[in-house]
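The entries follow the order in which I took up the two topics.

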Amino acid sequence: MILVDKAGKLWQHGDRKTALPGGAERRRNTMAFTILTLMENHTGRDYLACEHGLSLLIEGAGRRVLYDTGGSPRFLQNAGTLGADLADLDAVVFSHGHYDHTGGAAALLMQNRPPRGVWLGRNFFQPRVGKEEDGLMDISPLLEESWMTRFGIPCHVVGEEPVKLADGMWLVSGFTQGEPVETPSPRLLRRRNGHLEVDTFEEEVALVLKTPAHLVLVSGCSHVGVLNMCRRVEELFGRPVTDFVGGTHLMNAGDERIEATCRLLKERGVRRLGACHCSGERASAYFEANFPGFFRNNVGTRVVIED
């Protein structure tokens, strides 16, 4: 795996050499994927916008898949700056039904060449709120079910069974609690049958990239817990997760959970961790100091997975 910024700076992760396209050194690979971060909370480049939200473009196996659409259409601006073509996408995947992952959906769907399909989890359109000091904040998805019908875009639901988008590219949902350090946040609620209840996020949708040497878990927020998500993916694919890219939702976690998450991820065999969005500065700083394969997956970061 390599990380490449737009200027071509290279961070090497792993024990075997890879090279940029056109470089002097290149390994022959059987399968390769790229993950380009179009939007998240931070950017080190003044020509790229950032906001509280997430959007990733995943390419490989002849497919182009957009994972979430940020908190507004600003991710489209970054896509243009980074030279990422978002016309005729094979799929748009929404990780979960919150505003900061769906804010740019309308602008994307109204393009002249819209995506060929939308994938999301069960109960995606249920209203959701967050508890704040001064009351409840509406954090529901900024996407309406009727829009797909209006624009003639097929909408698919990811259930208990993994969905294969292409060779080595899967969607996974049906997560459950199990890790003692990971419990649902009492601040995040959903409205079901007219009543508010704690959101357990079983229907969160992760994207999994599988190559002979890598099992990569891509997550929007990991509300159900990054360890719980790794466990389910390991059970489905029969091998450890080697790489994680996305939000870990540790921004409000205490030291005990942050330290346990770091230790248990290493014990599970995760070698690289590209945290972003809702991970939080305290957790990111701790991982940076204690997880050898950690990197900050800021706007403009391009992750290349190849064997």
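**Cavity and helix contacts**

I note that the model is a predicted one. The largest cavity contains about 40 Å³ of space. I counted 1 cavity of 30 Å³ or more.

I then turned to helix packing. The axes of helix H4 (residues 226–237) and helix H5 (residues 255–268) come within 10 Å, and I read a crossing angle of roughly 15°. Angles under 35 degrees count as roughly parallel, and H4 and H5 are therefore roughly parallel to each other. On the H4 side the contact is made by Val226, Leu227, Cys230, Arg231 and Glu234, and on the H5 side by Thr261, Leu264, Leu265 and Arg268. I classed the residues of this contact as 5 nonpolar, 1 polar and 3 charged.

How do H5 and H6 cross, and at roughly what angle? The axes of H5 and helix H6 (residues 281–290) come within 10 Å and cross at roughly 40°. H5 and H6 are therefore oblique to each other. I recorded the crossing of H5 with H6 as right-handed. From H5, Asp255, Ile258, Glu259, Thr261, Cys262, Leu265 and Lys266 meet Arg282, Ala283, Tyr286, Phe287 and Asn290 of H6. By class I noted 6 nonpolar, 2 polar and 4 charged residues in the contact of H5 with H6.

Note on methods: Residues numbered from 1 in each chain as written. Predicted model: local features only at pLDDT ≥ 70, side-chain atom pairs only at ≥ 80, totals over all residues. Heavy atoms only, no water. 1 Å grid on protein atoms, 1.4 Å probe; cavity = no way out; pocket = protein on both sides within 12 Å on 5 of 7 lines; lining within 4 Å. Points joined across faces, edges and corners; volume = space filled by probe spheres on them. Axes fitted to C-alpha atoms, helices over the stretch in contact; angles between N-to-C directions. Helix = DSSP H or I, 4+ residues; strand = E, 2+ residues; numbered from the N terminus. Parallel < 35°, antiparallel > 145°, perpendicular 65-115°, else oblique. Contact = heavy atoms within 4.5 Å. Nonpolar A, V, L, I, M, F, W, Y, C, P; charged D, E, K, R; others polar. Left-handed = near helix turned anticlockwise from the far one by under 90°.
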